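Please open the model in your viewer and keep the selection panel at hand. The tour goes from one selection to the next and says what is there at each stop.

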Amino acid sequence: MSEVNGVTDWRREFAEEARARRPDLARLCLLIGAVADDGLREADLDAAEIELDRLAGELPYGMHDPADWVAALERVLGGRYEFQGVPADYQRLESSLLHEVLRRRRGLPILLSVVWMEVARRAGAPVYGLGLPGHFVIGFGDPAAQVFADPFAGGRPMTGVDAELLVAGATGEPLEPSMLRPADSLDIVLRILNNIRAWAAPRPERSSVALWAVELSLLLPSHPARLRYEHAELLVQRGEFQAGAAEMEAYASVVDAVEPSAAASIRNRAQAARALLN
């Protein structure tokens, strides 16, 4: 466990886990919660892992048919424990924090999918996540078989046609085969952090949330380069003009080779930020 002056360094733990050979999805999600909630301790993270283990223990043993896994998880998680989502969950930061989703049994589609996947994985299910546009779901068995479930709807079974309709409703576009590719753990974590940033963006009073979400995203081995500029803007927004300007200039140097005009605009923004110090 990483500590600084006797306090757990959750960000360092997050960075170390993200760079592990096989990153642990549940651990990364719980570490996001630890950064978000100053009151969390290692014992709280352990309790969340124990709860996932307990839920997995309530599933029948020895299932093989993917459809049986869907039915069992819908019965246990969606039915017995009433894990599901409602539209109001999109307005709550807690809906993106795994320890809160386990406590409230409510959350965004992607966090409920993490619960389903982690419980199913512990019970031996061949489960994976699907990052469909606008709505995260899960799949079982061979991806070509298209046996899906929607944890936000309490684990409702889905077919490939249901997925097509879901994508068409969200984007107006047809379902592309690439959308049915199982999601990597780090891609799931980045998408969760993107959701947190999107939640904080229209709430200037919660800029601290946007800041730590960006900073955790930057700790991932792979992330959009533009996040560095977003990080710089947040620093300026929060009054850290010198640090924000320096980061903008560093980002401009990266952009210069491909978009000189954009780099010049960023340098002008950095100069304006420094002027705020006067």
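Predicted model: local features only at pLDDT ≥ 70, side-chain atom pairs only at ≥ 80, totals over all residues.

Residues are numbered from 1 along each chain as its sequence is written, and side-chain values use heavy atoms, with hydrogens and water left out.

**Helix H6**

Select residues 109-122, which make up helix H6; helices here are DSSP runs of H or I with at least four residues, strands are E runs of at least two, and both are numbered from the N terminus. H6 has 14 residues and spans 20 Å from its first C-alpha to its last, close to the 20 Å expected at 1.5 Å a residue, where the expected span is 1.5 Å times one less than the number of residues. Because 12 of its 14 residues are buried, H6 is largely enclosed by the rest of the structure; buried means under 20% relative accessible area, exposed over 50%, and partly exposed in between, with a 1.4 Å probe and protein chains only. Among the buried residues are Ile110, Leu112, Trp116 and Met117. Just after H6, Gly124 takes a positive phi of about 95°.

**Charged pairs at H6**

Next, select Arg121 and Glu118, whose side chains meet in a salt bridge at 2.7 Å, N to O; a salt bridge is a side-chain nitrogen of Lys or Arg within 4 Å of a carboxyl oxygen of Asp or Glu. Both residues lie in H6, three residues apart, about one turn of the helix. An α-helix has 3.6 residues a turn, so residues three or four places apart point the same way. Arg121 is partly exposed at 43% relative accessibility, whereas Glu118 is buried at 4%. Salt bridges that share partners join Glu49, Asp53, Glu118, Arg121 and Arg122 into one network.

Arg122 is partly exposed at 24%, while Glu49, at 18%, counts as buried.

**A further stop**

Finally, select Arg80 and Glu58, a salt bridge with the closest N and O atoms 2.5 Å apart. Arg80 lies in helix H4 (residues 66-80) and Glu58 in the loop between H3 and H4, 22 residues apart. Both are partly exposed, Arg80 at 46% and Glu58 at 27%. In total, the structure holds 18 salt bridges.
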